[in-house]
Amino acid sequence: MKIKNRIIKLTAICLILTAIVPGAAHAQENKGLALTIDAKSAVIMEMSSGEIIFEQNGDERRAPASVTKVMTMLLIYEALAQNRISWDDIVTTSEHAASMGGSQVYLEPGEQQTVRDLVKSVVIASANDGAVALAEFISGSEESFVDLMNKKAQALGMENTSFRNACGLDADGHFTTARDIAIMSRELMVKYPEVAEYATTWMDNIIHKTHRGEEEFGLTNTNKLVKWYNGTTGLKTGSTGQAMYCLSATAIRGDMELIAVVLGAPNPTTRFQEAMKMLDYGFANYKVVKGELPGTVVGTIHVSKGKEAEVAVVVQDLISNVTEKGSNVELESQIFINETVQAPVEAGFAVGEIVYTYEGQEIGRSPLVTEEAMERAGFVDMLGRVADIWFK
């Protein structure tokens, strides 16, 4: 089978800074030199690529407190996306969920709330009782939900994570790392960016419906960066005696989004200050260079016995790379498209791939797929095609 091969060069030039910092390609050998964080561990990740551009004890296992709820939120939004639950479903609070303590919205046993109001309670106010009530609603029990949490962590490559509950209260064997928190935070924000609607809401409320009647309960966001830091999109705070003060902070500036994770800060103010310092560092010193956008037409492929002779081929996934500001960057891409494909063909059928390299090293690849479906040619179509060839 013949293969079409062409090279595309994408060049992005930025202003040269007065001081050039180490690039992402060299971050592993320089991490910790340009930045020191007042916390037990920390990580900065660029969201589109998943690249770590700074880490401080990034793989140290630590109690994550309520940052655990990033995984809980991920599974909740996944259940919503798959229509296993809906926003208007009614959840009845169990004795177990109501007994959580810690950060809560004071749900009573037997109290009923919509999924929407419980999600608001978890994302905005870090409600332990709301998180467990939703976990039980999705999986039947908190234990079964925690099993899903650990399976998802394994699937995402979170190699140093073990969950024991859905809300983040200290427990033996409940731990994760700054790197793993960045991984699950990225998954949540990339797959379900709508979570930012509640994650950036400063104040809201729910209505308690109990035997005493209806009572309004105010929700205030635990993430002060919503007020303090321009471009904040989320995400989750946490604190316990064992975990100290923790935060997974997400923010966007221009076309770059960052995740800053802080674990084990000495006090609540420090965790926010250090997260802002990390975000400032990332935005000031790095840039992201992106490949072809999903849906970009990069060629055509012949369709054997198709209703039409060929169909457009498009890029499926976005591939990006992080590099230092002040450098001239060439992102090279090599396109491989099969010679032909047999009809009928579905839209999104893989017929090749685009491979990206940076400084001679592969940074990622995306399937190339058919833009639309192509039916098999009928007798009349084939007769017309023969006639065209004859008269030409």
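This is a predicted model: local features need pLDDT of at least 70, side-chain atom pairs count only at pLDDT 80 or more; totals for chains, interfaces and linings use all residues.
User: How is a pair of aromatic rings described?

Analyst: A pair of aromatic rings is described by the distance of the centres and the angle of the planes. In this model the count comes to 7 aromatic pairs. One of them joins Trp228 and Phe272, with 5.5 Å from centre to centre and 80° between the planes. That pair counts as edge-to-face, because the cut-off for this class is over 60 degrees.

User: Which helices hold Trp228 and Phe272?

Analyst: Trp228 lies in helix 9 (residues 225–228) and Phe272 in helix 10 (residues 268–285). The two residues are 44 apart, and the pair links distant parts of the chain.

User: Is Phe272 buried or exposed?

Analyst: Phe272 is buried, at 3% relative accessible area. Trp228, at 46%, is partly exposed.

User: Which residues form an aromatic cluster?

Analyst: Tyr77, Trp87, Tyr192 and Tyr198 make up one cluster.

User: Which residue forms a salt bridge with Glu353?

Analyst: Arg365 does, at 2.8 Å from N to O. The pair links distant parts of the chain, with Glu353 in strand 17 (residues 350–358) and Arg365 in strand 18 (residues 361–370). Arg365 also forms a salt bridge with Glu362, the closest N and O atoms being 2.8 Å apart.

Methods:
Residues are numbered from 1 along each chain as its sequence is written. Side-chain values use heavy atoms; hydrogens and water are left out. Rings of Phe, Tyr and Trp (its six-membered ring) pair if their centres lie within 6.5 Å; planes under 30 degrees apart count as stacked, over 60 as edge-to-face and the rest as tilted. Helices (H or I, at least four residues) and strands (E, at least two) are DSSP runs, numbered from the N terminus. Buried means under 20% relative accessible area, exposed over 50%, partly exposed in between (1.4 Å probe, protein chains only). A salt bridge is a side-chain nitrogen of Lys or Arg within 4 Å of a carboxyl oxygen of Asp or Glu.
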